[in-house]
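Good morning, and thank you for coming. Please look at the model on the screen while I go through a few of its features.

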Amino acid sequence: MSTTIVTARREFDDSFTIERALATGAYEGLKKALAMTPEAVCAEVDAASLLGRGGAGFPAGRKWSMLRKNPTTYLVINGDESEPATFKDHYLIERDPHQLVEGVIIAAYALQVTQAFIFIRGEFALGLERVTQAINEAYAHGALGRNIFGSGFSLDLVVHPGAGAYICGEETALLESLEGKRGFPRIKPPFFPAAIGLYGEPTVVNNVETVSNLPWIVSNGGAAFAALGEGRSTGTRLFALSGDVERPGVFEVEMVKSTFRDLIERPELGGGVRGGKAVKAIIPGGVSAPWFFPEDLDTPLGQDEVAAKNSMLGSGSIVVMDETRCMVRAAWRITKFFSRESCGQCTPCREGSGWLERVLYRLEHGGGRMEDVDLLLDLCDNIAPGLTWPPQQTTICVLGPSIPSSIHSAISRFREEFIAHVHDGGCRHGR
Amino acid sequence: MADDATPVTIRFTLDGREVEANKGEMLIAAAERSGTYIPRFCYHPRMEPVGVCRMCLVEVEGPRGTTLMPSCYIAPAEGMVVRTDSEKVKKAQDGVLEFLLANHPLDCPVCDKGGECPLQDQTLAYGPGESRFIEEKRHFEKPVPISDLVLLDRERCIQCSRCTRFAAEVAGEAQIAFAGRGDLVEVAPFPTEPFTSHFSGNTVQICPVGALTAKPYRFAARPWDIDQAESTCTGCSVGCRVAVQSSQDRLTRVLGVDGEVSHGWLCDKGRFGFEAVTGAHDADSEPGRVTTPMLKKNGELVPVTWSEALSAAAAALSAAGTSVGVIGGAQFTNEGAYAWAKLAKGVIGTDSVDAQLDDGLPASLVFGLPAATILDLDTASAILTITGDLSEELPVLFLRLREAAHRGTPIIQIHQHPDSVTAIAHSALAVRSGDTDAVVRMLCGDDAQAAQLRNHPEGLSFDPAALEAAKAALPQGGKGLVVIVGRENLAEDGTLTAAAAKRIAGAFPEATFLVGLRRANVRGALDLGLTPGFLPGRVTLAEGQSGYAGTWSTTPSTTGLSTVEQLGALATGAAAAPSVLVLLGADPLTDLRDGALATAGLAKANTTIVVSGHHTATTAMADIVLPVTVANERTGTTTNVEGRVSVLAPAVAAPGQSWADWTIAAALADALGADLGLETVDAFAAEIAALAPSHRGLSAQLLASASGDGVVVPVGSSPIHGAQPLDPTAFPGVKAVPARPLGTEEASVLEGAPATGGAALLSTIPEAVSVPGPDGYALRLTVQRRLYDGGATVTNAPSLAPLVDGATVRVHPSALDRLGVASGTVVRLRSAAAHLDVPAVSDKTVTKGTAVLSFNHGTAEHAGNAAASLIDAAAVVTDVRMETR
């Protein structure tokens, strides 16, 4: 329970400084990695069976092994965390930039990549400042640049601030943006940037939290990491807990060993639902995920365990909605976000998100019609045919099929609440 | 490349039947070939797929059940099972259309696209009957001009990205792009970078809704009130396929038609130049057409009848005997060119006939070089260009060149000023005027010239590494090499370019050539005898004489004078000077590169007869003016830059008393007491096919079988592909015409062949031209054409006329520093011939030691063709000294 990997420095207010980082073992993992062969580092990551922490949960070791052999390859770190209620990478970027930089260098060494980029959400002004500072310090320290720590391995690392679009967290849109273009997701195939990525070259895109685990994995061994958690979900995970809880925040929890209830209720974690109210609904893994309800509270915090209940652990953001929350409003707010952030490329997402948002707005603010409820579901069906999980899609990227999740969850469970909004000419609670 | 050349057939199941796809072909195209049309908006057969509109979703069976996939982006795999008609597909199509219509205004009754709109048509065929969208639609200010020619209605836009992709991918000018997010995404030009593309009209044509409209067509007509003629654009010599549309006998619109030459694209001059024919639909003034014959009486041109004008012309010609010079004809039809050649050479007996105004290349070079076709660019191993700016002179040929570059074909460019080709070139070699042949020698491995180029006071004009890269990219022996050669610089003698081209032909014997002459039918005029020393069919006077003996009453025995020689003889009062000048659509006072020579020569002719469709500077001083039909009023054929003959169709009646070019020749022959023996355009075409060796076998049926793509002469030298099915959404607005199957007479077609051998023709081109050394105080002048110039088409088209720039001289910043003046200052250029005051523009891309002027642009003090005032046609190159005023 108390195992901490990526938040090991959380007790220090100056955790972001190189002095504190070095005093607490920073770059020791890197030094150990540099003494190993790149293949041996990859083998440790494979042994750790580290799942990607960006949302899709793809095994990092497998992603690395798919990198096409090529004279030029790139490593790109996705730090564009922009989804509402998701803020665990934000924490790592601001609080432990050296751990992130060290992780990037280890990954680059394992992949034998000599140019890496960290794409950080533009709104993270402090995080950008601290990562930039950390990179400069790492260069001065000999951990970046030519001949790192005398190992013969060289790496340049560049920070790229995002320009404010959520879609740039989608890895192919991120690559387009990094190339200086408009952040339009690329059409698939190719399905993985490991074949054709940045500037058309093979590229690995890893999440901030994923690589932040690497110094610990190298230092302690992949087996030690794999010993934590259960099944496919090894190690620990950061959860961004928010909504109606007493202690919202970022918590590192061993995978599978705790449940949603633990996270929400334990005093050292969420501390319970605010005001002692009852849970009405939970967003278990970011606003793209289908919702959980009180009967799902004992689901373990593991990738497959959540998937078995037709949702996802996704980006590790958990939002608790108590019994007083308006479900129409919740669905409207989430849909409004997606409609503003749709890149505008694919018709169903561009037009569908805006239409859904307007219908939900009417329901919430007055002007709803009885037929709107089924209209919402049918429009959702036209974006994600069948409304299954995982969703089918009519769009290039997964932003489109993410839109129906909240609407479908809310209507399936609380249809009468929608109907009441029609009868009442809007929301009675406004909350 | 090798993979694409060998088609591999892939078999897959489409709606329960087995069909075949070619390797690399997308599902949507393979389905269409097999007869299954999949609806689409963003997909365009001439652009890369992007898969954004999602209209073309089909159901594909996979290991995890069926999934919806965009058929524009999926290449069929062996054994793939695809459904385009399942309930799931229909719901997806219904859904996409309902989404597209959510924010789309239903203003079809007032929308120019209404009636020819892919959104309208596909909604009817595949969409929901009604919309469930009751919300307020998105609103934008409408319409907003995004260029001088194009307006944007963002409310109608369906974000298919056809226009932005055309701009970036096809034209290579990403001057419009998406801005905003979600359903507020809009197409927009850049605030700092205007949408000035020469190809902007294509974005309007391929727009699948009424979001983009072009100024010359807005509210001009409705699609169902429009008549259409399929024809060939005669704006330049590329020969783009066009659908010319008219309403109530006024031209309303010119659209590109997909074909193997132009791929459906047009330049804006070709698209909007029709305003010069029947005027802009909303303009008060009529275009400056000559509508009646005119005769100079008491020093003033007055309208007369045709019979009076013809009598006067015949009287002058009879009095002159063979002392007649004929200049022009490059804007005529093939039949007109032949008729005038027959009149001049076969009736009057003069060989002083020249379709070129000293701005082209010698006919013996044009005929003597091994010919390439535009299609050869698709398979070329390398392309070498020695021309002026192709995007200005032969715009759609430039687009074809971009396609080749996109495919990875190395383009080697020798240029006198960097241009749009430079941007896509594998290696570009800048040369100063006069140095082209020296650089060609270096390219061929002769380094003797290097020292001379290096010793120029301003240093070597190009990077030696680029020369090495170019050498390496040129294939051994020229196998697969296509050379595009044109007049690089109108301030230097054309023999410089001719000698360089001849040298390349010698060093790369397997190379083929496109001779980039610019005027619409200059190639047809040369082919059909409007050039000294040749009879119709690319034969010399001596070799052709016997072939024409039976039909023509005479043929000239000695080579006559070129345009410059005629005018020179007139100006100097030489005995050889023609007494009567006949100008066939030519306007030497504006268009001859030596302005002083044109003025002096024309002033000395006893009688000047001008056949013209428009009033020009030259018609104003003529003795007799005969009105002729122009583009889109004519029946006949035209010949493009490849030697491809294609059909011209009339879309409107000619104004007033204009006659066809061949009619005037026949009537004039009649007035002279002779008879051309031919009374219809078909009869002229038939005589050409019978007598002109290069055109043997070119029958009307054969042309019809080529379905608008035309036939490269000699017949048999290039395959005829015939009709392609028309994709109704690819180039909306073009009315479908019944596809004509390939002619059945193909097997019996006579093989044509040039009667005069290439080597013999090339032997008349000089091996080398001596160029004076650089003058350390002077700049060597490079003068090039621009798309929008002072010519009759642009100045008479209200939408295009404002796009003509004033003349400026572009020089390297160091030249201005030396003079101590800032960019924009009016400087004085002094050549041996004259001086010109013109604003100087600092441009670091100009080669040091060079000054660049555009042709046929005016200055504040010199209206008309300012550059021509500096040029002496007798000089090999033009040196100018730049001074403060």
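This is a predicted model: local features need pLDDT of at least 70, side-chain atom pairs count only at pLDDT 80 or more; totals for chains, interfaces and linings use all residues.

In chain A, four strands form an open sheet with mixed pairing, in the order E8-E7-E10-E9. Strands here are DSSP runs of at least two residues (E), helices are runs of at least four (H or I), and both are numbered from the N terminus. Two strands pair if DSSP finds at least two bridges between them. Strand E8 (249-254) and strand E9 (279-283) of chain A are the edge strands, each pairing on one side only. From one strand to the next, the twist averages 30°; for such angles, axes are lines fitted to C-alpha atoms, for helices over the stretch in contact, and the angles run from 0 to 180 degrees between N-to-C directions. Strand E7 (residues 236-243) and strand E10 (residues 317-322) of chain A pair in the parallel sense, over four bridges. A:Gly243 has A:Val320 in E10(A) as its bridge partner.

Residues are numbered from 1 along each chain as its sequence is written, while chains are lettered from A and ligands numbered from 1 in the order in which they are written.

Next, the interface. Contact requires C-beta atoms, placed from the backbone, to lie within 7 Å. By that rule, 27 residues of chain A are in contact with 28 residues of chain B. Helices H14 (327-341), H15 (347-365) and H16 (371-383) of chain A each supply at least two residues of the side of chain A that touches chain B. H15(A) gives the most to that side, with nine residues.

Let us turn to chain B. Which residues of H5(B) are buried? They are B:Arg162, B:Cys163, B:Thr164, B:Arg165, B:Phe166, B:Ala167 and B:Val170. A residue is buried if 20 or more other C-beta atoms lie within 10 Å of its own, exposed if 12 or fewer, and partly exposed in between. Helix H5 (residues 162-170) of chain B is thus mostly covered, with seven of its nine residues buried. These buried residues pack against several elements of chain B, including strand E8 (176-179) and helix H13 (395-407). After H5(B) comes B:Gly172, whose phi is positive, near 75°.

Key. Two residues are in contact if their C-beta atoms, placed from the backbone, lie within 7 Å.
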